[in-house]
Amino acid sequence: MLGLMQQQSLLISALIEFANRHHADGEVVSRRVEGDIHRYTWADVANRSRKVANALDRLKLAHGDRVATIAWNGYRHLELYFGVSGSGRVLHTLNPRLHPDQVVWIANHAEDQVVCFDMTFLPLVQAVQARCTSVKHWVALCDKDKLPANSGISNLLSYEDLLAGESGTYDWPDLDENTASSMCYTSGTTGHPKAALYSHRSTLLHAYAAALPDVMCISARDSILPVVPMFHVNAWGIPYSAAMTGSKLVFPGPGMDGKSVYELIEAEKVTFAAGVPTVWQMLLGHMKPANLRFSTLKRTVIGGSACPPAMIDSFRDDFGVDVLHAWGMTEMSPLGTLCTLKNKHLELPAEAQMKLRMKQGRSIFGVDMKIVNEAGKELPHDGKTYGDLLVKGPWIIREYFKQEGPSPLVEGWFPTGDVATIDEDGFMQITDRSKDVIKSGGEWISSIDIENIAMAHPAVAMAACIGMAHPKWDERPIVCVVKKSDSTLTSQELLKFYEGKTAKWQIPDDVVFVEAIPLGATGKMLKTKLREQLAGYQLPSI
Ligand code: ADP
């Protein structure tokens, strides 16, 4: 028997119309590439999103056509989020930190018809445009009078000029909720990047979930600063959840340094911020020496890479800010787990609570998880046994865009490539990417554990643990460390620091001091590159 409820597709256009109707005066504040602060309201976002939709109609873009962005977090980018997807086109957020050759490959693979870019990225666009064969229009996100005279780009339009003649009313199409809405390519550290193609339905379900109290706890009373880029997995879905709840949005534009982020948090009374650990490192690095304090910030979500426990401690103890550790993937829209404690854990001593907080967290409703051994057999949730982590749910990919070969799913589950434990309460903890796992004498050593201990040393700015081939033990860990600028730390001192903090056989065989640890386009450590840099290195124990 069918239920007797109204049939209504879950559509992105409904989000912006809801924000317009119920939170019309809600603020959206952006630090612009132009250098100034821009402020307007959700009603303005809605009005200009409709203009975007009208402009795309005028450019004769069909439903399903891809409109790419190469842009910072800002209000124009937000309008494209709603205008492009809402009108039935697919928003393709391109990562400007990628190598130009990769940008070309991705734009051609996606068959982008239009590319909208911030002026910061003009040199990148100039370097790639002749090779992006499907692109019909390049749209600079600026006023007409800011367009460069001799850019060498054919079909260059100004975004403001494009919108100027358009009407602010639009009849959003009533799409099937499974229609594609946006896409994002994975970082592609091995082989070509692959794209997750999100749908209206997956985006809306994810937006509901992201706003839940045990997830990001987003409400109309929040002022949210997504430092996590809108060019990477839709800024973890925050723009959609913000429209759904009518919260204030604050965009940092190109100003991701500690000083700019701090000033924006204070000026715009930010209550909640989200980003990868490296961004917060810069922020705390700016605040600590100057003895600065937050007046409104209450919580931050940190994910994308393992959050060092020392950072969680510092945020809470020095600044009174709660850190929520999060885990996800491009293929998962991206949220999978958030680390919030259950009632019974509030009674635990501080140290036991801390042990839980550093885990990647519990499943959000909508994400089912399991760990399996090499034979695919499901492993117990005992907090000790580790295995390959598999996930399933309505905002997790079924296959990649233009998938070649068989589906990545294993009996309906998506293999994450992460190795993890899950405890009795459902808290998942990642020990490694499967390709980074270190196997010593038949036992696994978690490189994240080794890195976290090093990061807790006050003289360490960044640490990466990798396995080195060893004739007796197969592999032994070493830790590559970037020292803080004024530090005199020696290898021996750091190795001594490990004593008592982990099992003896897990202590790295060596500390290698490096100038920098290579980072990928999404701020993650590139261990493959680090290994290349260490070619010729010899373990001291051999
Ligand atoms: P994103 O950068 O949005 O997390 P990617 O698809 O680029 O998405 O990377 C996903 C991978 O990043 C995960 O499979 C995992 O290895 C790693 N990752 C993400 N969050 C965490 C975290 N909190 N702790 C450890 N690793 C993480």
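In helix 8, the buried residues are Ile238, Pro239, Tyr240, Ser241, Ala242, Ala243, Met244 and Thr245; buried means under 20% relative accessible area, with exposed over 50% and partly exposed in between (1.4 Å probe, protein chains only). This is a predicted model, in which local features need pLDDT of at least 70 and side-chain atom pairs count only at pLDDT 80 or more, while totals for chains, interfaces and linings use all residues. Residues are numbered from 1 along each chain as its sequence is written, and side-chain values use heavy atoms, leaving out hydrogens and water.

**Helix 8**

- Helix 8 covers residues 238–245, and because eight of its eight residues are buried, it is largely enclosed by the rest of the structure.
- Helices (H or I, at least four residues) and strands (E, at least two) are DSSP runs, numbered from the N terminus.

**Domains**

- The protein chain is assigned domain 1 (9–199 + 239–253), domain 2 (256–435) and domain 3 (440–533); such bounds come from an automatic or database domain assignment.
- Taken over C-alpha atoms, the centres of domain 1 and domain 3 are 40 Å apart.

- An open sheet of nine strands has the order 2-1-11-10-12-13-14-15-16, with mixed pairing.
- Its edge strands, each pairing on one side only, are strand 2 (37–41) and strand 16 (362–363).
- Two strands count as paired if DSSP finds at least two bridges between them.
- Strand 10 (residues 223–226) and strand 11 (residues 248–251) run parallel and are joined by two bridges.
- Ile224 is set opposite Leu249 in strand 11.

**Second largest pocket**

- On a 1 Å grid over the protein atoms alone, a cavity is a set of points where a 1.4 Å probe fits but cannot get out, and a pocket is an open set with protein on both sides within 12 Å along at least five of seven lines; lining residues have an atom within 4 Å of a point.
- The second largest pocket holds about 650 Å³ of space; grid points are joined across faces, edges and corners, and a volume is the space filled by probe spheres set on the points.
- This pocket is lined by 21 residues, and Pro309, Lys355, Met358, Ile453 and Lys501 are the closest to its centre.
- At least two lining residues come from each of helix 11 (309–319), helix 12 (350–357) and helix 13 (447–455), and helix 12 has the largest share, four residues.
- Domain 2 and domain 3 each supply at least three residues of the pocket lining.
- The pocket lining has seven nonpolar, six polar and eight charged residues; Ala, Val, Leu, Ile, Met, Phe, Trp, Tyr, Cys and Pro count as nonpolar, Asp, Glu, Lys and Arg as charged, and the others, Gly among them, as polar.

**Cavities**

- There are four cavities of 30 Å³ or more.
- The largest cavity has a volume of about 120 Å³ and is lined by 16 residues, with Val33, Asn73, Gly74, Tyr75 and Asp118 nearest its centre.
- Helix 3 (75–86) and strand 1 (27–31) each supply at least two residues of the lining of the largest cavity; helix 3 gives the most, three residues.
- Six nonpolar, five polar and five charged residues make up the lining of the largest cavity.
- The second largest cavity contains about 80 Å³ of space, and of its 14 lining residues the closest to its centre are Asn95, Leu98, Cys184, Tyr185 and Thr186.
- The lining of the second largest cavity has seven nonpolar, seven polar and no charged residues.
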